[in-house]
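Please consult the sequence and the structure while reading.

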Amino acid sequence: MHRALAIDEHSYGTEHSRIAIDLNNLAQVLQATNRLAEAEPLMARVVTIFEKVYGENHPDVAIALNNLAQLLQATNRLAEAEPLMRRALALDEQSYGTEHPNVARDFNNLALLLQATNRLAEAEPLMRRALDIWEQSLGAAHTQVATGLNNLAQLLQATNRLEEAEPLMRRTLAIDEQSYGPEHPEVAIDALNLAVLLRDTDRLSEAVSLMYRAISIYHLFSKQNGYEHPHWNKAVGHYRCMMTASGRSETDVDAALQDLIGE
């Protein structure tokens, strides 16, 4: 990627849109490998090039702003990220109208940032707005709708509105099962989230069953891919706590896990 960038800079100059694409691709790889300090100036340069080439109100500028904002959020610089997200939202509303999936994405991103800064009352209507747009534009069974449902459910759970959160989590699980199949890691995440809610509402039997399903999916992932799923330890920890809370001994828990691993 570095070589491609150098070749294109030689061919097109340093301010061409092609250069911005190369910079963005390289920055995404750097971010994915946790080299955020290297990625940030590249993303900032993408914003500058797109603004010069297309003008400050172009939708590609909104994409670049959103990418930079996500990186800033990942480095806990939320105060710097927020105005970029708000500007991206305004640009996309101007470019696509108020009911476009890209606008929903912007609402969702801003809502998650507000939630991270404990402004839950501000975040909730944005999440509901994003969910409504996705349902209307993509259909009620789309995986992006499942993402919106899950985000809203997590916010409701954080505000102790568990009865409101539960049907959203169950719907998320149903959509992802239909979309990905019953043994996909996304389904495991949904099962884990719902199990935690059920535990918190004293329904341990169902919670244990769902958590066992989650760890079963993660174990299958490990067998198929040759490495442990990042959520394996978290799920096993929850399973142990739920099992002991339901009166099972540590020996029983170990035996159940050994049965699973030894299959």
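A residue is called buried under 20% relative accessible area, exposed over 50% and partly exposed in between (1.4 Å probe, protein chains only). The model is predicted, so local features need pLDDT of at least 70 and side-chain atom pairs count only at pLDDT 80 or more, while totals for chains, interfaces and linings use all residues. Residues are numbered from 1 along each chain as its sequence is written, and side-chain values use heavy atoms, leaving out hydrogens and water.

Rings of Phe, Tyr and Trp (its six-membered ring) pair if their centres lie within 6.5 Å; planes under 30 degrees apart are stacked, over 60 edge-to-face and the rest tilted. By this rule there are 3 aromatic pairs. One of them joins Tyr-212 and Tyr-239, with centres 5.7 Å apart and planes at 50°, a tilted arrangement. This pair links distant parts of the chain, 27 residues apart: Tyr-212 belongs to helix α11 (residues 204-225) and Tyr-239 to helix α12 (residues 232-245). Helices here are DSSP runs (H or I, at least four residues), numbered from the N terminus. Phe-221 and Tyr-227 form an edge-to-face pair, because their planes stand at 90°, with the centres 5.4 Å apart.

| Residue | Relative accessible area | Class |
|---|---|---|
| Tyr-212 | 27% | partly exposed |
| Tyr-239 | 4% | buried |
| Phe-221 | 16% | buried |
| Tyr-227 | 47% | partly exposed |

Asn-24, in helix α2 (residues 17-32), is buried at 19% relative accessible area. Its side chain makes a polar contact (N or O atoms within 3.5 Å, one able to donate a hydrogen and the other to accept it) with the side chain of Asn-67 at 3.2 Å.

Key. Helices (H or I, at least four residues) and strands (E, at least two) are DSSP runs, numbered from the N terminus.
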